[in-house]
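Reader: Please walk me through this model. Start wherever you like.

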Amino acid sequence: MSDSTMASMLKKVTTEQGFIAALDQSGGSTPKALALYGIDSSEFSNDEQMYDLVHQMRTRIVTNPVFTGERVLGAILFENTLDREFLGQSAAQYLWQEKQVVPFLKVDKGLCDEKNDVQLMKDIPALDLLLDKAVEQGVFGTKMRSVIKLANPQGIDDVVAQQFTIAKQILAKGLIPIIEPEIDINSPEKAAAESLLKSALLKALNNLANNQKVMLKVTLPDTDNFYAECINHQNVIKVVALSGGYTREQANEKVAANHNMIASFSRALTQGLSAKQSDEAFTKVLNLAIEDIFNASKT
């Protein structure tokens with residue numbers, strides 16, 4: 001990818017209004033995503049068929065005329081999608097060249113078993129090769145997710161340390177990492193976990209070099225504008241929010257209450273879409289979802 005293209009993508013993410021579509025359901029979450037879309041597990045018998053079906057769903061979304069860079073800043077893809085095409089064009093290149101939507105790639109390989117009340121990321125073998133492929137395909141940035149269950153200082157420090165270690169490897173390839181330390185919205189210690197996480201994030205951000213810019217993806221906080229210090233940090237391009245199990249209505253309300261935070265929704269974006277819908281009905285539901293999330297993300 002040329003420096004001018006990267007600069008154009010950076011300018012869009014930094015200065016334009018909109019939200020990031022999370023279209024990166026992978027292994028474990030794909031059957032659930034398909035079920036919500038009206039495709040039962042009896043309709044596929046192996047992973048290849050399952051991924052074909054979810055790619056059809058994603059293709060129907062991103063090629064729809066209402067899915068454009070006017071309201072959608074970026075889209076996060078799963079590696080399986082990066083290896084496929086939208087309307088005969090490689091997925092990442094289609095997003096940028098045809099839709100002016102900035103492509104991101106999910107790079108984590110899932111979660112480890114819970115320890116110290118968190119789930120760290122599994123090892124990411126051959127990460128450098130995956131990052132090289134992302135650069136070659138015209139991807140702007142990456143995303144990786146950990147999960148925090150309780151306000152355990154050691155566990156939260158471990159999550160942030162792992163995220164920033166890998167983020168530096170990603171930055172070295174010229175890509176922008178989205179660091180996602182999700183806090184379970186049902187945690188009985190959610191507010192306390194948020195406090196510990198923000199402190200750990202600010203400490204890690206302060207240790208970055210001036211030219212090391214990252215994005216953060218966080219659970220919508222209990223206190224409005226709680227992450228303002230992160231949003232305003234010189235090393236942070238953007239702070240985006242995951243829906244985390246909230247309904248679209250709940251998530252939009254919370255995003256709107258957090259100044260300069262934008263949405264990066266998965267389930268909340270596809271809520272109400274169905275494989276059985278006519279193209280007209282599908283477009284109507286998708287347009288309403290995009291408009292609602294776009295308006296909540298306006299700052």
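**Charges, helices and rings**

Author: Let's start with E194, which forms a salt bridge with K190, the closest N and O atoms being 2.7 Å apart. A salt bridge here is a Lys or Arg side-chain nitrogen within 4 Å of a carboxyl oxygen of Asp or Glu. Before going on: this is a predicted model, so local features need pLDDT of at least 70 and side-chain atom pairs count only at pLDDT 80 or more, while totals for chains, interfaces and linings use all residues. Residues are numbered from 1 along each chain as its sequence is written, and side-chain values use heavy atoms, with hydrogens and water left out.

Reader: How far apart are E194 and K190 in helix α8?

Author: They are 4 residues apart in helix α8, so about one helical turn separates them. Helices are DSSP runs of H or I with at least four residues, strands are E runs with at least two, and both are numbered from the N terminus.

Reader: And are E194 and K190 buried or exposed?

Author: Both E194 and K190 are buried. That means under 20% relative accessible area; exposed is over 50% and partly exposed is in between, with a 1.4 Å probe and protein chains only.

Reader: How many salt bridges does the whole structure have?

Author: A search of the whole structure turns up 16. One of them pairs the side chains of K143 and D24, with N to O at 2.9 Å. K143 sits in strand β7 and D24 in the loop between β1 (19-23) and α2 (30-36), so this bridge ties together parts 119 residues apart in sequence.

Reader: What's the relative accessible area of K143? And of D24?

Author: K143 is at 5%, so K143 is buried. D24 is buried too, with 7%.

Reader: What else is D24 in contact with?

Author: Setting aside neighbours within four places in sequence, D24 touches R58, I76, L77, F78, K106 and K143. Contact means heavy atoms within 4.5 Å.

Reader: Which residue caps the N-terminal end of α7?

Author: N152 does, with a side-chain oxygen 3.0 Å from the backbone nitrogen of Q154. For scale, a polar contact is a pair of N or O atoms within 3.5 Å; within protein, one must be able to donate a hydrogen and the other to accept it, and residues adjacent in sequence count only if both atoms are side-chain atoms.

Reader: Which residues of α7 are buried?

Author: Quite a list: G155, I156, V159, V160, Q162, Q163, F164, I166, A167, I170 and L171. These buried residues pack against β6 (118-119), α6 (127-137), β7 (141-148), β8 (176-183), α8 (190-206) and β9 (214-219).

Reader: How many aromatic pairs?

Author: The count is 4. In one, the rings of F86 and Y94 have centres 5.8 Å apart and planes at 65 degrees, so the pair is edge-to-face. The rule takes rings of Phe, Tyr and Trp (its six-membered ring) with centres within 6.5 Å; planes under 30 degrees apart are stacked, over 60 edge-to-face, and the rest tilted. F86 and Y94 are both buried. F104 and F140 are edge-to-face as well, at 5.6 Å centre to centre and 85 degrees between the planes. That pair links distant parts of the chain, with F104 in strand β5 (residues 102-106) and F140 in the loop between α6 and β7, 36 residues apart.

Reader: Last one: how many disulfides?

Author: There are 0, counting cysteine sulfur pairs within 2.5 Å. C112 is partly exposed at 30% relative accessibility, while C230 is buried at 0%.
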